[in-house]
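User: I'd like to learn how to read a structure like this one, feature by feature. Could you walk me through it?

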Amino acid sequence: MEEIDMNQVNPVIAVTHVHRAFGSREVLKDITLQVEQAETFGILGPSGSGKTTLVKLLTGIDEVTSGEVKVLGTLVPKLSLLQQIGYMAQSDALYTELSAKENLEFFASLYGLKGGNRVRRIADVMEIVNLQEHLRKRVDQYSGGMKRRLSLAIALLHEPPLLILDEPTVGIDPVLRQSIWKELRALNGKGTTIVLTTHVMDEAEKCDRLAMIRDGQLLAVDSPKGLLQSAGVASMEDAFLYYGGARR
C-alpha cells in the first residue's frame, strides 16, 4: 500500500463550494468545510439532511455536481485513495453467507494484509467490537447490532489514516458504544482522522468539531462548546434549533 506522508497533508479533507443534485433536486447546497488531521469531525443532521450524500462524496463513491473535494491532498474520486480510507456505510456491506472470519480475510486481502499481520489485525479489531467469540459464526446468524460492529471492525482492519463512518453506533448497546468511542479517541491519539455522521446529540458532543446540516445546507461549523456559546444555549438540541432558524 502506498504510504501518504501525513505531515504533507493539511487539511486532511477540503470541501469547496460543493453542490450535489439529482435531476432537479439539490441535495447539497454550496458546502465548504475542512477537516484537520487527528480530529474527530462530526456531521450532525436529521434523516434526509444530506449527511450520507456528503460522506459518499468524501469517499469517492459519488461525484459532485459542482465544486471540489480533496481527500489526503488528492482530488476525488480517485481509486487509489480507497486503501487509505476506512469506510463504514450506513448499510452493512457484508457477505452474509460467509463467516465473520471469512469476511475479514476477504477485506484484508483487498487491503494487502498478509501472514501474521493479517491474523493480528483480525484479532485486534474483533476485540475492539467485542465479537471475538463469534469469529467463525456465519454473518446471516448475526443480529443487526452485531453486523454493525463487524462493519466497524472491517473499516478499522487496515489501520487507515482516515476513517469515514456513517452512523457507526446505530443499534449498538450503550456499554459497547462507550468502548467504541474510547477506541476512536485512542486512534485520534495515534494520528487517525475520523469523520462520522450522527443524529444522536450526546455523540455529537463527543466530537472535536461539528458540522450542522439541514436540508442540504451547512448551518454552522465549530466545536460543540463553541456552538453552544455562540447560540447562547445549554444543549446541543437547542443549538441545532437555533442554527436552523427555529429559535432566533
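Predicted model: local features only at pLDDT ≥ 70, side-chain atom pairs only at ≥ 80, totals over all residues.

User: Now the sheets, please. What is the strand order in the sheet of six strands?

Analyst: The general idea first: strands of a sheet pair through backbone hydrogen bonds, in either a parallel or an antiparallel way. Here the six-stranded sheet is open, runs S6-S7-S8-S3-S9-S10 and has mixed pairing. Its edges are S6 (85-88) and S10 (217-222), each of which pairs on one side only. On average, neighbouring strands are turned by 15° against each other, direction ignored.

User: In which sense do S3 and S9 pair?

Analyst: S3 (residues 40-44) and S9 (residues 209-214) pair in the parallel sense, over four bridges. To find one on screen, look at leucine 44, whose bridge partner in S9 is methionine 212. Helix H7 (residues 224-231) packs on this sheet as well, touching S9 and S10, and its direction makes about 105° with that of S10.

User: And what is the pairing in the sheet of four strands?

Analyst: That open sheet has the order S2-S1-S4-S5, and its pairing is antiparallel. S2 (25-35) and S5 (74-75) are the edge strands. S1 (residues 13-22) pairs with S4 (residues 66-71) over five bridges, and threonine 16 stands opposite glutamate 68 in S4.

User: Where does helix H1 lie?

Analyst: H1 (residues 51-59) lies across S3, S6, S7, S8 and S9, at about 150° to S6. H1 also lies across S1, S2 and S4, running at about 120° to S1.

User: Why is H1 described as largely enclosed by the rest of the structure?

Analyst: Because seven of its nine residues are buried. Among them are Leu54, Val55, Leu57 and Leu58, as well as Lys51. As you follow the chain onward, H1 is followed by glycine 60, which has a positive phi near 85°.

Conventions. Residues numbered from 1 in each chain as written. Heavy atoms only, no water. Pairing = 2+ DSSP bridges. Helix = DSSP H or I, 4+ residues; strand = E, 2+ residues; numbered from the N terminus. Axes fitted to C-alpha atoms, helices over the stretch in contact; angles between N-to-C directions. Contact = heavy atoms within 4.5 Å. Buried < 20%, exposed > 50% of the residue type's maximum accessible area, 1.4 Å probe, protein only.
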